[in-house]
Each structure stands twice: as C-alpha cells, then as structure tokens.
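Please look over the model shown here before reading on. The paragraphs after it walk through the chain step by step.

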Amino acid sequence: MAQTGTTPQTRKADPEAVGRPSLQDALARALRGNVRQYGMLVALALIVVLFQIWTDGILLQPLNVTNLIQQNSYILILAIGMMIVIIAGHIDLSVGSLAAFTGAAAAVMMVKHHLPWPVALVACLLIGAAAGAWQGFWISYVGIPSFIVTLAGMLVFRGGTQIMLQGQSIAPFPRGFQKIGSGFLPEVGPRTDYHNLTLLLGAAVLAVAILQEVRGRRQAASYGLELLPTGFFLAKLAAVTAAVAVFTLLLASYHGFPIVLLILAVLLFGFGYLMRNSIIGRHTYAIGGNEAAAKLSGVKSKRVVFLAFVTMGVLAALAGLVFAARLNAGTPQAGINFELEAIAAAFIGGASASGGVGTVLGAIIGGLVLGVLNNGMSLVGIGTDYQQVIKGLVLLAAVGFDVYNKRKAGS
Amino acid sequence: MAGPVLEMRAITKTFPGVRALSDVNLTVAAGEVHAICGENGAGKSTLMKVLSGVYPHGSYEGEILFKGEPCRFKDIRASERRGIVIIHQELALVPYLSIAENVFLGNEHARRGVISWNRTLTHAGELLRRVGLHEHPQTRVADLGVGKQQLVEIAKALAKEVELLILDEPTAALNDEDSRKLLELILELKAQGIACILISHKLNEIAKVADSVTILRDGRTIETLAVGAGGVSEDRIIRGMVGRDLEHRYPERTPEIGEVALAVEDWTVQHPIDHHRNVVDGVSLHVRRGEIVGIAGLMGAGRTELAMSVFGRSYGRWTGGRVLMHGEEIRTRTVSEAVGHGIAYVTEDRKQFGLNLADGISRNISLGALGKVSRRGWINEHEETRVAERYRASMNIKAPSVFTETGKLSGGNQQKVVLSKWIFAEPEVLILDEPTRGIDVGAKAEIYTVIADLAAQGKAVLVISSELPELLGLCDRIYTMAEGRLTGEVERADATQESLMRLMTVSAAIQNEQV
C-alpha cells in the first residue's frame with residue numbers, strides 16, 4: 001500500500017546488483033507500464049490466428065487483407081482522432097454524422113458542380129475543421145459538456161447531410177477521387193510476381209524503422225539511460241522485421257499497396273509522434289489526467305481542448321471522404337454508428353474513461369481487433385446479430401480487464 | 001447533575017505511517033455545549049469521524065459510550081440512528097433539491113417507497129420554525145445563502161431526532177450576523193436538551209456559547225477546561241493549543257538576504273460565488289531574495305486563497321491589488337504569466353492540484369517547464385528522462401523508475417515530485433503551500449533541507465504552514481493571517497508559538513481596533 005517506494009531484491013545484498021537490473025526485471029518493467037497495450041497486441045495476434053485457422057486460411061489471403069484494410073480504414077482514421085479527444089478527457093459523438101456530411105459535400109461539389117476533385121477535397125477538410133472548431137468553441141470556451149455538444153452535432157450534421165442530398169445518393173465520383181478509397185499505388189519497373197513499388201516501400205519502411213530503433217538506443221545510451229538488454233532488443237528488431245516482411249509480401253502479391261494505407265500510415269506516425277513528443281501532445285495528456293493540476297502548471301487547457309476538436313473534425317472529414325470514395329457515392333446513410341465503432345476502438349486500444357491515458361497506436365490496435373472480428377466472423381458465416389453481441393462483450397471484457405488490473409496494482 | 005451523554009475512552013487511530021489520535025479521552029455532559037480546540041491537524045476532525053462512524057468500529061482502538069451504552073458504529077447511518085449527527089464544514093446539501101427534500105433526504109416520510117408530500121412539507125415547516133429559518137420548504141437550497149443553508153443542515157439533524165449535534169467549524173463561512181444567529185440557535189437547542197460538540201478556533205465564540213472546552217494537540221487530549229464559570233481566558237486556551245513538540249531537526253543556515261523579490265500590495269479577492277465576502281482582504285506582504293518567509297493562519301484564514309490568486313488568479317474573483325517583482329509591477333493574470341515572471345506555487349493538495357496521478361514521474365516533473373526539454377515544440381524524451389533521473393537522485397525520490405505512475409507513490413515521494421517539478425522550472429520565488437502535510441518524519445526533514453538549499457541559492461521562499469514549530473524552525477520572518485486579513489508580521493527572533501497563535505486567533509474586539 002504505502003510502501004511502493006522500496007522493492008529491493010532481498011536475495012542479493014550486493015549493492016552493485018541494484019544498479020544493473022536482470023533481464024527478467026527489465027522485461028517485467030517494460031511490460032508493466034504497457035500491460036493493456038501489449039495485452040491488446042497479443043489479443044489481436046490471437047484473434048488473427050484463431051480466425052486464420054477457423055476460415056481455413058482465407059483471413060490472411062492477400063485479397064482479404066487488402067479488403068480488411070480498405071473496409072476499416074475510415075474507422076481507423078476516426079479512432080485516431082477519437083483517441084486524442086478521449087485522452088483530453090472528452091468524447092465526440094458527432095463524427096459519424098460529420099463524416100456523412102463531408103462525404104455529401106464532396107459529392108455535391110464534384111458531381112453537381114464539377115469542381116476539380118483536389119479542390120473539393122481541401123474544401124471538405126476545411127469544412128471538417130470548421131465543424132470541429134464550432135464544437136470545440138462550445139465545449140472549451142463556453143463550457144458545455146462535450147457529450148451534449150457533440151450529441152447536438154450528431155443531429156445537426158446528420159440533418160444537414162439529408163438536406164444537402166435531398167434524400168438521394170449522388171454518384172459517381174471522378175476516377176482520381178475514387179482511388180483514395182479503393183486505389184493502389186502505381187506499378188513501376190519490370191514485371192515480377194510481386195508489386196514492385198510495394199516491395200520497395202516495405203524495404204524502406206523496414207530500413208527506417210530499424211534505423212530509428214538503433215538511433216534511439218544509441219541516443220538513450222549517450223544520455224546514460226537504462227537500456228533494454230541487448231538480447232531483448234535484437235528479438236524486438238527481429239519481430240518488427242518479420243511483421244513488416246510478411247505484411248509487405250501479402251500486399252505485394254495482390255494489387256499492391258492501398259493508397260488509403262499510406263494515408264493511415266502517415267496519420268499513425270504523424271499523430272503518434274505528435275502525441276508522444278510534442279508539447280501540445282503532452283499538454284493533452286496532462287489535461288485529461290488532471291485538468292486542475294495542468295492549469296496550475298501553466299497549460300492553456302481551453303486552447304488545447306479546442307484544437308483537439310478541430311483535429312477530430314478534420315479527421316472525421318477525411319474519414320467521410322475515404323468512405324465516399326470507396327462507396328463511390330455520397331449517401332445520406334453514410335457513417336451511421338461510425339462514432340460508436342471509433343469510441344469502442346479507442347477503449348479497446350487502451351484509452352481510459354477518465355482521460356489522460358492512451359496512445360494513437362493503441363487506437364489502431366483496438367480498431368484492428370474490431371475489424372478482424374468483423375471480417376473473420378463474416379467469413380465463417382456468423383450473422384451480424386451475433387457479431388454485435390460479441391463485439392459488445394469484447395469491449396466490456398477489454399475495459400473490465402484493465403479496471404481489474406489497475407485495482408490489483410493497488411491504491 | 002445527570003451522567004455524561006458521551007464518553008470516548010482511550011481512542012487511538014492510526015493511518016499508515018501516522019498516528020492521528022493516541023489515547024484521546026472526551027466526556028460530554030448531558031445538555032452541554034462542549035467545544036474542541038486545537039491547531040490544524042491536531043486530530044479534531046479525525047476524532048469526530050471516529051465518533052460518527054465514518055471510521056467504522058474496528059478501525060480504531062478504544063471505546064465509545066453514548067448515554068452509558070457502548071457503541072460500535074459501522075457507518076455514519078448507524079450513529080445517526082442513535083441520534084449523533086455531524087454537520088461538516090463543507091455542507092452536504094443537494095443544491096437543486098428543495099429545503100424539504102434535503103431535510104428528509106435518506107430519511108423520507110414514505111410508505112412503501114412512496115413519499116408523502118403532505119407530511120414532508122408540514123414536518124419540514126415545523127423544523128424550519130424551530131431553527132428560525134423563514135423560508136418556504138419548497139425553496140431550492142441553491143437559492144439560499146450559506147448561513148441559511150447551515151440552518152437547513154441543522155433542521156436536517158433535528159429531523160433525525162438528534163441528541164448530540166456535532167458542528168465542525170460552523171461559522172467559518174458565515175458573516176458576523178449569520179454567525180451570531182447560529183450561536184444563538186445553538187444555545188436554544190441546548191435549552192431543549194440537545195448536547196452539542198462545537199469544533200471552532202474562534203475563541204470569542206467558544207467563550208460565548210461553550211460550557212467546557214477540550215484541547216487537542218498532536219492527536220492527544222491536553223486538558224478539559226470548564227468555561228461556564230468564566231474562569232478561562234483566551235490566553236489559557238492558546239497556551240494549551242500550542243507547544244507542540246519540536247520533533248524535527250531543522251537545517252542550520254545563515255541566511256543571506258538580498259533585495260525584495262516579490263511584493264504583493266493591497267491584494268483583495270472575493271469568494272468565487274459569494275461576492276459579499278472578501279476571502280483575502282487588503283493583504284500586503286513581501287519576500288526578499290534568500291529569505292524564507294512564513295504565513296501562519298488557521299483554517300479559513302485565506303492563506304491558500306491568497307497564494308492561488310496571486311498565482312495566475314487561480315482562485316476567486318480578484319478585485320484589487322498589485323504584484324511587484326524586483327520593484328516593478330507585473331501581470332499575473334494567468335498561470336503562464338506568473339510562471340513567466342518567475343513565480344512558482346506548490347499546491348497544498350498534491351493529488352487534486354499538483355500531480356497527474358495517471359502519468360509517470362518524469363512527465364510530471366517536466367510539465368511546469370516543458371520548454372526546457374524541448375526544441376521548437378518537440379520534446380526530447382531522453383533529455384526529459386535524464387532530468388527526472390537527476391531529481392530522483394538529488395531529491396531521493398523512492399520509486400522503481402522515473403516512469404512509475406505518481407499515483408503509486410507515497411505522500412512524501414509525491415511531494416518530492418511536485419517540488420522537483422517547480423525547482424526544475426527555476427523560479428525566483430517559490431510559494432510552498434503546506435509542503436509537509438501528510439508526510440512522514442524522515443521525508444519532512446529532507447524537504448526542510450531542500451527549502452533551506454533553495455534559499456541559499458538566492459531564491460525567495462514563501463512557506464504557508466499550519467505547523468507553528470515548522471514555521472519557527474524554518475523561517476526568517478513570519479506573517480500571520482486571520483479571516484482574510486494580515487494580522488501580524490514577526491521576526492523569527494521575536495516569535496513564539498503563543499505569540500503567533502494569539503495573532504492567528506484575533507477575536508472580534510482586536511479586529512475592530514485595527515479597522
């Protein structure tokens with residue numbers, strides 16, 4: 001209870017041994033801080049293996065993996081933004097409606113008014129930013145709870161979508177725009193059995209990842225910080241290499257690298273880095289963790305919360321565009337229940353209901369758990385009725401496991 | 001004379017690492033008003049929590065006899081069923097329910113779960129007449145002032161057929177007129193045979209209504225005096241309250257005092273909701289480089305409110321006053337402005353206002369000055385970790401790693417993290433609010449050393465503390481506050497616990513002279 005401070009290794013009285021932790025200690029320490037995230041990664045791997053067996057190998061067939069990515073891309077985009085909002089201690093229920101609204105706006109601009117698609121795309125992202133700013137204003141500067149403001153937004157944007165589309169779907173989109181949702185990177189170079197550019201990209205990603213890991217380790221060493229034991233570090237590198245290689249080969253043996261995956265990768269690394277390494281990201285965690293303490297440390301909490309909602313607005317717009325592009329239509333029914341999927345993804349991926357905890361990578365993992373469950377269950381022929389029940393229980397179990405873990409950890 | 005209505009015998013209550021009460025005895029005679037006096041942290045509230053069952057039977061040692069029968073309350077409802085009702089300083093009313101609903105909350109006039117509004121309203125009306133509150137029972141509590149809310153609390157207690165009423169600092173938030181009415185009500189209830197325990201540090205109030213007074217100090221009963229005969233002077237009570245053991249050793253230091261760093265002039269702050277009450281009233285003070293200055297005061301004196309208000313107007317509504325740094329007026333309207341001018345405030349309430357308990361040590365330490373571990377808005381986590389490691393070593397923070405969540409640390413280590421955070425921000429002036437509250441003896445000594453070192457480095461340090469020996473052991477100069485006003489300024493050489501306590505408990509007469 002009170003004495004968490006001192007947990008010395010009583011088995012060794014040698015004072016030097018205290019400074020150099022054993023492998024088990026280091027491992028335990030690395031895991032302890034991230035039980036939830038490692039737990040979800042393991043759970044994701046288990047679910048994948050389970051369905052891979054259950055579907056006689058269909059799950060990880062190149063075609064299906066590509067489908068899986070494209071089907072879930074918009075939820076994953078929303079989950080990134082939702083994670084940020086939840087870390088700041090808020091919630092956004094309007095994202096599904098906002099996605100539909102921007103998809104509809106894109107359709108009106110491109111199909112009815114024949115605007116060039118890049119112009120319309122930028123305009124839609126700006127609409128998203130404005131919608132986010134609108135909600136962020138009421139939440140942070142006026143002080144209305146985000147649940148209420150975004151519930152209102154959910155109705156307003158859904159209604160706006162229907163008004164704009166007059167109850168009709170609008171289609172088709174220009175070819176260039178459709179590619180955002182269902183296109184692939186172009187093929188280059190000689191004909192091989194694989195998609196060359198994808199292989200190149202995979203190799204590049206792998207090189208950068210390994211370089212980063214090594215550089216980070218060297219830097220940590222130069223700062224005199226405690227490092228992971230070498231064996232563990234190499235094992236980690238090997239695991240990363242294997243994962244990237246398998247994934248690259250899978251994609252390269254079908255149509256190649258989906259464009260939307262590129263978008264997702266940029267968002268994952270961009271926002272991951274922002275939340276982890278930028279001052280504003282850190283302030284977001286501080287506000288969610290303890291707003292009063294953050295304010296007394298000089299954090300401008302209103303502005304940070306406002307910006308979190310602007311970001312969410314832009315990401316919701318992007319998700320709406322990707323969805324519309326994949327469907328090749330702007331439709332009034334777009335985005336229904338997206339907000340709930342995104343919220344579930346964030347919580348499965350390690351967000352805390354009270355704010356201040358979670359990672360962007362966690363949101364992606366949580367989204368993938370849901371996505372693989374959806375896809376796998378569909379493949380083995382489980383109806384959507386049962387799927388919903390199972391997904392609901394998974395959400396409850398994931399958060400329940402976390403609550404149980406925290407209570408066990410004490411105080 | 002009838003036997004005692006309440007006897008608490010040899011009550012001992014320990015928390016991890018702290019003995020809050022040791023061997024406390026309290027005897028309340030039937031139908032008397034019994035005051036309890038003591039400094040902050042003397043154990044008054046803990047004793048009352050033991051009595052009312054907040055700390056259930058079994059979590060303390062000793063026995064409680066109510067009307068001669070032993071009591072083993074397992075929760076607060078059990079004590080209320082016997083007629084012991086406690087009214088806390090922070091009122092526990094539901095603002096958006098009516099007076100009548102509040103009075104019978106948890107004690108409804110109902111048959112099979114259906115409330116009888118007729119009986120509720122009639123009965124509430126009777127009770128309101130008894131406490132002298134002329135309001136309709138259906139008025140919302142939120143529409144009442146604090147004084148009237150206090151009366152609603154008492155009506156609520158009467159509804160539970162109270163035989164022993166415990167009032168914890170009942171007049172702390174009241175103006176003079178409301179206080180006077182409340183004290184008269186206490187005397188009326190006494191005439192109706194209701195005994196009352198009154199926790200108060202306003203000695204003039206005690207002199208007015210109490211029959212006897214028990215003094216607690218450091219979790220022990222010091223003495224019980226009879227007030228009724230008129231033989232107890234305020235000085236006598238003060239002498240009992242102070243004189244805590246000098247249990248700590250304070251670092252030796254030879255202060256090198258420079259020019260004035262921070263000066264506050266005529267600072268006035270209104271209560272955030274009740275704009276008729278000045279929580280801080282025209283306070284002027286200053287602190288020099290290399291100097292440690294104390295602010296002494298009892299609960300509700302306005303010390304924390306003063307500090308938080310100066311630090312970015314984080315409390316209440318500022319209505320006047322200036323802040324000067326090195327003789328020049330500065331703006332401290334936001335926390336960032338205050339921090340930018342070199343002011344740091346280490347809060348009294350670590351968990352609520354000081355730390356992000358869900359985050360690790362390193363991230364908590366850097367939060368006050370993230371700019372120092374980052375370049376162009378990007379944080380260098382390695383640098384941040386190194387900084388945290390440095391403070392973990394120099395402040396002796398006991399934790400498995402600098403990434404350990406601060407929620408898992410002990411109080412002393414948490415306090416070291418908060419101190420590290422503000423030392424890392426390199427302020428010129430540090431305001432430390434109760435820097436050793438709830439901390440074990442060893443950690444206290446370490447924190448005293450840190451404070452002395454800061455002064456030796458030329459920082460100006462303001463220490464707000466409720467522990468007089470701590471102020472006497474640490475400070476070069478001590479201000480006293482009472483009821484929002486500055487009541488004294490004493491050099492350490494001239495200060496004793498008694499002289500400070502006298503300034504902290506100025507009675508109404510002395511105050512009127514000052515105005």
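Predicted model: local features only at pLDDT ≥ 70, side-chain atom pairs only at ≥ 80, totals over all residues.

Residues are numbered from 1 along each chain as its sequence is written, while chains are lettered from A and ligands numbered from 1 in the order in which they are written.

Start with chain A. It has 17 helices and zero strands. Helices (H or I, at least four residues) and strands (E, at least two) are DSSP runs, numbered from the N terminus. The radius of gyration of chain A is 23 Å, close to the 22 Å from the globule rule for 411 residues, so chain A is as compact as a globular protein of that length. The radius is taken over C-alpha atoms, and the rule is 2.2 Å times the number of residues to the power 0.38. Along its principal axes, the C-alpha trace of chain A spans about 80 × 60 × 45 Å.

Of the 411 residues in chain A, 42% count as buried. Buried means that 20 or more other C-beta atoms, placed from the backbone, lie within 10 Å of the residue's own.

Next come the domains. Chain A is divided into domain 1 (36–183 + 279–409) and domain 2 (184–257). These bounds come from an automatic or database domain assignment. Taken over C-alpha atoms, the centres of the two domains of chain A are 27 Å apart. Six residues of domain 1 of chain A are in contact with six residues of domain 2 of chain A. Contact means that the C-beta atoms of two residues, placed from the backbone, lie within 7 Å.

Now turn to the neighbouring chain. In chain A, 32 residues are in contact with 39 residues of chain B. On the chain A side, the elements giving two or more residues are α9 (196–222), α12 (279–289) and α13 (291–296). The largest share, five residues, comes from α12(A).

Finally, which residues does helix α16 of chain A cover? Helix α16(A) runs over residues 360–379. Its 20 residues reach 28 Å from first C-alpha to last, close to the 28 Å expected at 1.5 Å a residue. That expected span is 1.5 Å times one less than the number of residues. Helix α16(A) is mostly covered, with 16 of its 20 residues buried. Gly381(A) follows α16(A) and has a positive phi, near 85°.

Methods: Buried ≥ 20, exposed ≤ 12 C-beta atoms within 10 Å, placed from the backbone.
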